[in-house]
Amino acid sequence: MRLVTLTFAERCCTLAAVVSRQRTLAAEVSRQRISMSTPPSSFIEEVNTQYEGLHRAFEEQARQYESPPIREPDSIAALALALSLCAFALSLSLCVKLMITSPPAVLGHKDGTQRRLVYSRRFDEGAKGEMEAFLASKEKLAQTRGYLARSDLSEAERATLAIFERTFGCYIMESEAALALREKCTAIEGTLEDARNKMRLGAVLDGASVGVTPGAFVELSSVGLRSKMRVDGSEATRKACWEGLRSIGEFVTANGFVELVRARNAMARELGYEDFYDYKVTQAEGFGKGAPASRCPEVRQQRSGTRPLMEEARANLAAAKGEAALLAYNSAYMMAGSVTQKLDPYFPFERAVEQWGRSFAALGISYEGASMRLDLLDRKGDCSSLQAAATARHCKYSNGFCHWPQPAWVKADGSFQPTVTHFTSLADPSAVGSGHTALTTLMHEAGHAAHFANIKMPSPLFSQERAPTSVAYAELQSMFLDSLVGDAAWRFQYARDREGSPLPFALHEEDVRAKHPYEVFSLRAMLAVPYFEKALYELPDGELSAAAIQARSHGDCPEITRDSPPPSRRSPARYVLAEMAVHQTRAFFAARDGVIVDNPRVGPTLRDAYWRPGNSEPFLGLAANGAAAKAAVDLDMRVTLVDGDEVIADTTEEGDFLAACKKFEGHIRQRFPRAAAA
């Protein structure tokens with residue numbers, strides 16, 4: 001059954017740079033060379049064992065910072081500027097999706113070879129360098145190709161060697177000049193990262209918010225700022241939060257982003273591209289920026305075909321709520337702020353973990369013996385250095401993320417190695433809407449975790465989130481599962497207040513009527529980013545400046561959202577692909593089964609069609625294949641709920657999942673009595 005019928009295929013392997021460290025490790029790589037007379041199985045086992053060890057060491061080093069170990073090369077600039085996009089966009093619902101995960105950067109050559117950059121933030125030595133040198137080994141790539149030329153390989157050996165070839169090929173860049181420019185970009189990115197880590201994020205509030213001294217600067221995470229802007233009744237407070245989000249974009253353009261754009265363009269031209277945007281879209285999306293629009297009619301139609309809907313929605317919003325509702329800091333609140341407050345009691349934060357577990361178990365989703373560490377509560381602290389992170393329990397990166405210190409794979413002896421997942425978010429249980437946000441984030445990230453836990457292939461390289469894993473493929477899984485939170489069937493089954501009363505249908509209807517007419521804003525905001533990026537990287541070097549970037553953000557994209565999006569390095573075209581696939585996957589289940597929520601056939605179908613093969617097939621190939629209600633909740637996974645180093649509950653200690661949920665619920669009620677009493 002074909003679930004996705006797009007006219008162009010997303011390329012799954014993106015481009016990567018080789019760090020200079022590989023040169024100094026060349027001798028060591030040579031000593032590790034395996035003779036071609038060695039059986040293929042021995043070579044495969046050697047590569048698998050080496051990669052697994054390097055992967056685990058790298059992730060452990062990343063965990064010391066409580067920060068995502070892999071992000072796009074300008075991770076902090078992208079994060080900051082995407083946050084500003086959220087501040088500008090007419091709907092904030094998209095921003096939750098954009099901020100949950102971050103697509104990787106693309107680097108490579110005009111010849112069409114695709115590679116992806118591994119970029120880890122503050123730890124340039126040790127595990128990071130060793131892993132990058134391993135992945136960028138030309139000798140291992142040559143050995144792999146030598147084995148692939150043999151005629152005596154088993155089917156499993158050939159499939160494993162094929163993923164070796166794709167993976168090693170993703171991390172090699174031939175041009176020395178391009179390498180030097182990539183290293184220059186990396187240096188600028190590191191400096192910008194350090195500067196961003198020391199930036200105090202928050203807003204000067206007017207005192208209308210409970211417990212706030214008028215005129216005081218209140219430190220808030222990006223999540224906190226967005227949440228307040230969505231539900232706070234004070235326009236002054238909403239505007240202050242919007243300005244707080246915008247300050248991130250202004251900060252990064254004044255602290256190295258201009259130089260980064262210039263260096264990226266130079267690198268892209270060295271590789272034969274017109275500019276960095278041409279380079280990026282050619283490798284990530286399969287066609288250059290100058291290609292005919294007919295190559296991507298679906299995306300083109302989403303831009304032109306939704307324009308009348310956007311204009312009508314803006315007119316209706318202004319007519320219903322006044323012209324002020326069109327201001328970026330007012331629109332989300334005007335559309336659904338009061339409804340969000342009414343929904344809040346039916347999504348108590350302390351129940352979010354249980355709601356996720358019950359829902360996934362009823363879908364027949366198993367985690368195949370995995371372990372998951374959940375760190376959900378927001379904390380303040382200094383994360384600007386390893387020393388600060390090591391001594392400050394409260395250090396926490398300013399965004400939620402999910403990563404896998406241990407990838408799942410089937411070993412040579414046939415035994416299965418379950419995955420280990422670490423998940424962190426920035427929940428404030430006392431904030432209005434925190435329960436709904438936490439639940440949606442859980443459903444999303446737990447969707448990623450279920451996907452990676454269910455990959456059963458003969459190498460850990462099939463089940464890691466770096467190249468050649470497709471971002472659209474990964475996001476399809478999580479976006480499909482978090483979409484259930486908005487379904488009437490899901491809400492009537494799981495959304496209940498602290499007394500156990502179900503969410504009234506009239507309230508759900510009010511929510512749908514308040515938000516549905518403006519869903520087009522999310523799509524238009526998603527499309528705004530690539531159009532702005534194109535304009536950004538087309539700026540001549542002589543005209544490139546912080547002021548020019550800010551001016552361009554106000555002048556080039558009004559036709560998309562009528563609000564000015566700032567620069568970003570995200571790749572929303574992949575989210576557009578994933579969003580399209582989500583709707584088609586939902587349509588498939590509705591047609592086959594008539595129901596999605598609590599349908600025990602959903603999990604096994606996702607497992608067999610999407611999850612098992614890992615990155616061995618391209619996104620569209622997997623999507624084309626098609627996509628058990630229990631009294632107890634059995635996820636076949638150990639779950640540990642933590643707050644930093646403090647263990648709140650552990651399914652192993654408590655006996656089962658629901659007992660751990662109960663203990664977590666009690667902890668939240670005791671620590672946040674005001675939220676529990678709300």
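**View 1. Helix 10, residue by residue.** Ser222, Val223, Leu225, Arg226, Ser227, Met229, Arg230 and Val231 of helix 10 are buried. Buried means under 20% relative accessible area, exposed over 50%, and partly exposed in between, with a 1.4 Å probe and protein chains only. Helix 10 spans residues 222–231, and eight of its 10 residues are buried, so the rest of the structure largely encloses it. Helices here are DSSP runs of H or I with at least four residues, strands are runs of E with at least two, and both are numbered from the N terminus. The model is predicted: local features need pLDDT of at least 70, side-chain atom pairs count only at pLDDT 80 or more, and totals for chains, interfaces and linings use all residues. Residues are numbered from 1 along each chain as its sequence is written, and side-chain values use heavy atoms, leaving out hydrogens and water.

**View 2. The nonpolar cores.** The largest nonpolar core has 104 residues. Such a core is a set of buried Ala, Val, Leu, Ile, Met, Phe, Trp, Tyr and Cys residues joined through side-chain atoms within 4.5 Å. Trp356 and Tyr367 have the most contacts inside the largest core. Another core, of 25 residues, lies apart from it; Met173, Ile188, Leu260 and Ala548 are among its members.

**View 3. Around Tyr367.** What does tyrosine 367 touch, leaving aside residues up to four places away in sequence? Its partners include Trp356, Phe360, Met372, Ala446 and Leu635. Asp636 and Met637 are also among them. Contact means heavy atoms within 4.5 Å.

View 4. Two strands pair if DSSP finds at least two bridges between them.

View 5. Strand 10 (residues 637–643) and strand 11 run antiparallel, joined by four bridges. Aspartate 643 stands opposite glutamate 646 in strand 11.

**View 6. Two cysteines.** Cysteine 241 is buried, at a relative accessible area of 0%. Cysteine 402 also counts as buried, at 13% relative accessibility.
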